[in-house]
Amino acid sequence: MDKTEFWKLVEESKEYEEDQAEWLTNTLSTKTENEILDFEFILESYLNESYQSRLWGAAYVIMGGCSDDSFDYFRGWLISQGREVYEQTIKNPECLADYISDENLGEEGVPEFEDFLTIGFDAYTVKKGGDQEEWDGDLFDEMQDLLADKGLKINSDIEFDWEDEDDLAEMFPALWERFGEDPLGY
């Protein structure tokens, strides 16, 4: 699987709205183990690429705060929106001021999609004959080792280029105008 196939699957999955993660997991679990690993490798690569101070700042403005976990879920949501939205947002997070609507938000009314982050592992679990409902730490470690063998490195370093809400208001005037006083989820 390459990035084109990855994005094709993501685009197809958007048709299933609330069942997007389930559809993607089921579809991916019919593929080979190597294709599932490729999907996860590509997903993790986009999660690494999007681990940026500016994007975290934009998420902070939109939701009125953004913890580490919330930023992970936000990036899962962003990738689930498809290639065009993802790439535009990476270039300019301000585009989210016009993009975000009730139609593309999660059940909680915020741009977060935690379940999107586990699609690869869930599909791998199904493929290996495991139970998706029960966590299998050994299987997770096996998958992580295989991804490391493929060259995956997790980006965990970030240097913030903002300190407070005044900085964010200046950096993201369109986002601040729309969400600064009325963030989503509050």
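In this predicted model, the second largest pocket has a volume of about 400 Å³. Its lining is made up of 19 residues, and among these E44, L47, D72, L117 and I154 lie nearest the centre of the pocket. Three helices, α3 (33-49), α5 and α9 (137-149), each contribute at least two residues to this lining. When the lining residues of the second largest pocket are sorted by class, 8 are nonpolar, 5 are polar and 6 are charged.

By class, the lining of the largest pocket divides into 6 nonpolar, 9 polar and 13 charged residues.

Helix α4 (residues 53-63) packs against helix α11 (residues 173-180) at an angle of about 25°, and the axes of the two helices are 8 Å apart. Because angles under 35 degrees count as roughly parallel, α4 is described as roughly parallel to α11. The crossing of these two helices, α4 and α11, is right-handed. On the side of α4 the contact is made by A58, V61 and I62, while α11 takes part through L175, W176, F179 and G180. The residues of this contact between α4 and α11 comprise 6 nonpolar and 1 polar, with no charged residue among them.

Key:
Residues numbered from 1 in each chain as written. Predicted model: local features only at pLDDT ≥ 70, side-chain atom pairs only at ≥ 80, totals over all residues. Heavy atoms only, no water. Axes fitted to C-alpha atoms, helices over the stretch in contact; angles between N-to-C directions. Helix = DSSP H or I, 4+ residues; strand = E, 2+ residues; numbered from the N terminus. Parallel < 35°, antiparallel > 145°, perpendicular 65-115°, else oblique. Left-handed = near helix turned anticlockwise from the far one by under 90°. Contact = heavy atoms within 4.5 Å. Nonpolar A, V, L, I, M, F, W, Y, C, P; charged D, E, K, R; others polar. 1 Å grid on protein atoms, 1.4 Å probe; cavity = no way out; pocket = protein on both sides within 12 Å on 5 of 7 lines; lining within 4 Å. Points joined across faces, edges and corners; volume = space filled by probe spheres on them.
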